[in-house]
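Here is a short tour of one structure, with a few stops picked out along the way. Have a look at the fold first, then read on.

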Amino acid sequence: MSLIKVNAEHRYHVEIDCDRNDALAEIVSNHNKVLLILPSDINRMYPNLTRHSKFEFLKIPNGEAAKNITTVQTIWKRAAQLKFARNDAIVAIGGGATTDVAGFAASTWMRGIPWYAIPTSLAGMVDAAIGGKTGINQSFGKNLVGSFYSPQKVFIDLSFLDSLSQRDFNAGLAEVIKCGFIKRPEILTRIVEYRQNIARLIELAVRTKAEVVGQDFKESRTREILNYGHTLGHAIEKDSNFKLRHGEAISIGMVFAAQLSNQLLNLTVQEVQTHTDLLSKLNLPISYPKKRWSSLSNLLFQDKKVRNGRVRFIGLTRIGKTAWLEDVNQIELKRCYETIAS
Ligand SMILES: NC(=O)c1ccc[n+]([C@@H]2O[C@H](COP(=O)([O-])OP(=O)(O)OC[C@H]3O[C@@H](n4cnc5c(N)ncnc54)[C@H](O)[C@@H]3O)[C@@H](O)[C@H]2O)c1
């Protein structure tokens with residue numbers, strides 16, 4: 001078991017390799033009432049969560065289908081019925097969509113009540129539940145409404161991963177490998193044997209995110225390095241109509257960012273090759289159709305990370321060392337896309 005400290009608007013810990021029922025026992029000892037929010041598939045797959053007189057359960061739709069204002073209103077309504085006050089707590093048990101929506105509801109009920117995350121997907125464990133970003137989707141865009149509101153603690157029970165599909169597992173590994181590319185090359189040597197190394201890999205990824213978030217909680221600059229691969233990745237995710245998993249789109253985005261870094265920051269050809277080799281070994285996609293460029297280029301300029309009409313990319317000067325690529329022109333972007341397109 002390891003405990004990682006996160007310094008955000010308050011200090012909290014991420015406990016890795018714990019038991020979910022021990023986590024619930026710890027939470028209940030600190031609060032009057034506890035509302036456990038979980039998607040229906042987790043509720044079905046894990047029926048033997050500890051029961052306690054202080055617990056109330058709220059089932060919400062699976063994954064992204066729950067990440068909206070309707071679910072937030074359902075949570076507010078239940079909180080009102082239970083007369084939830086500031087010494088009560090919300091616990092989110094699920095993937096990133098569940099922790100995002102439950103965390104957002106916690107941040108808004110009575111201007112903020114304590115909440116805890118018990119992530120069940122790999123993407124949730126290494127990314128969504130760490131760092132205090134909560135939010136929902138709207139018809140006009142994904143994740144545009146939200147808050148920075150950290151949990152009291154994050155509990156990672158690795159046994160949840162047993163029921164995760166291989167595809168979702170690999171998509172989660174994309175965020176782990178990203179941490180290796182931007183800051184912790186040790187991850188890259190361990191990731192090939194990911195099954196044996198999973199606890200250590202999660203720990204290294206959480207440590208990386210915790211360090212970055214600790215330096216720049218509200219993403220004024222440093223935190224942007226976590227967006228390596230995300231600029232094109234978000235555009236690909238949208239262009240695929242969300243048929244590609246976030247991690248799969250980010251995988252292609254990282255190959256693109258590596259190629260761009262080769263063109264503009266002298267990242268070596270071998271280091272670009274390390275990207276494609278490792279991502280392919282994890283069965284993650286590394287290219288996207290050539291004919292999609294005009295759509296992707298339009299989407300790139302609509303991204304919420306565009307500032308003053310300029311698309312910003314996180315690049316690498318070498319593996320483990322990030323740099324900002326500001327104002328890359330259309331010709332350079334297109335030329336780069338052609339090197340990764342299928
Ligand atoms: N807040 C942040 O900083 C942040 C960062 C990255 C991603 N996100 C968000 O996280 C979401 C993606 O997270 P995700 O990949 O966990 O997807 P998800 O929460 O949509 O879950 C995907 C599916 O897997 C199921 N699932 C979860 N755990 C499972 C398990 N152990 N066994 C079997 N099925 C399981 C879920 O119920 C769901 O049906 C997106 O909404 C994204 O915007 C947030």
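## How H9 and H10 cross

In this predicted model, helix H9 passes helix H10 in a right-handed crossing. On the H9 side, the contact is made by His 230, Thr 231, Leu 232, Gly 233, Ile 236 and Glu 237. Facing them from H10 are His 246, Ala 249, Ile 250, Ile 252, Gly 253 and Phe 256. Sorted by class, the contact of H9 with H10 has 6 nonpolar, 5 polar and 1 charged residues.

Two values describe any such packing: the angle between the helix axes and the distance between the axes. Here H9 spans residues 230-239 and H10 spans residues 246-264, and the pair packs at an angle of about 135° with axes 7 Å apart. H9 and H10 are therefore oblique to each other.

## The E7–E8 hairpin

Now for a pair of strands. E7 (residues 133-138) and E8 (residues 141-148) run antiparallel and are joined by 5 bridges. A hairpin of 2 residues links E7 to E8.

## Around the ligand

Which residues come nearest to the ligand? Of the 27 residues around the ligand, they are Gly 63, Gly 95, Gly 96, Ala 97 and Ser 121.

Three helices each supply at least two residues of the shell around the ligand: H2 (40-45), H4 (96-108) and H5 (122-128). By class, the shell residues divide into 7 nonpolar, 13 polar and 7 charged.

Note on methods. Residues numbered from 1 in each chain as written. Predicted model: local features only at pLDDT ≥ 70, side-chain atom pairs only at ≥ 80, totals over all residues. Near = placed C-beta within 6 Å. Helix = DSSP H or I, 4+ residues; strand = E, 2+ residues; numbered from the N terminus. Nonpolar A, V, L, I, M, F, W, Y, C, P; charged D, E, K, R; others polar. Axes fitted to C-alpha atoms, helices over the stretch in contact; angles between N-to-C directions. Parallel < 35°, antiparallel > 145°, perpendicular 65-115°, else oblique. Left-handed = near helix turned anticlockwise from the far one by under 90°. Contact = placed C-beta atoms within 7 Å. Pairing = 2+ DSSP bridges.
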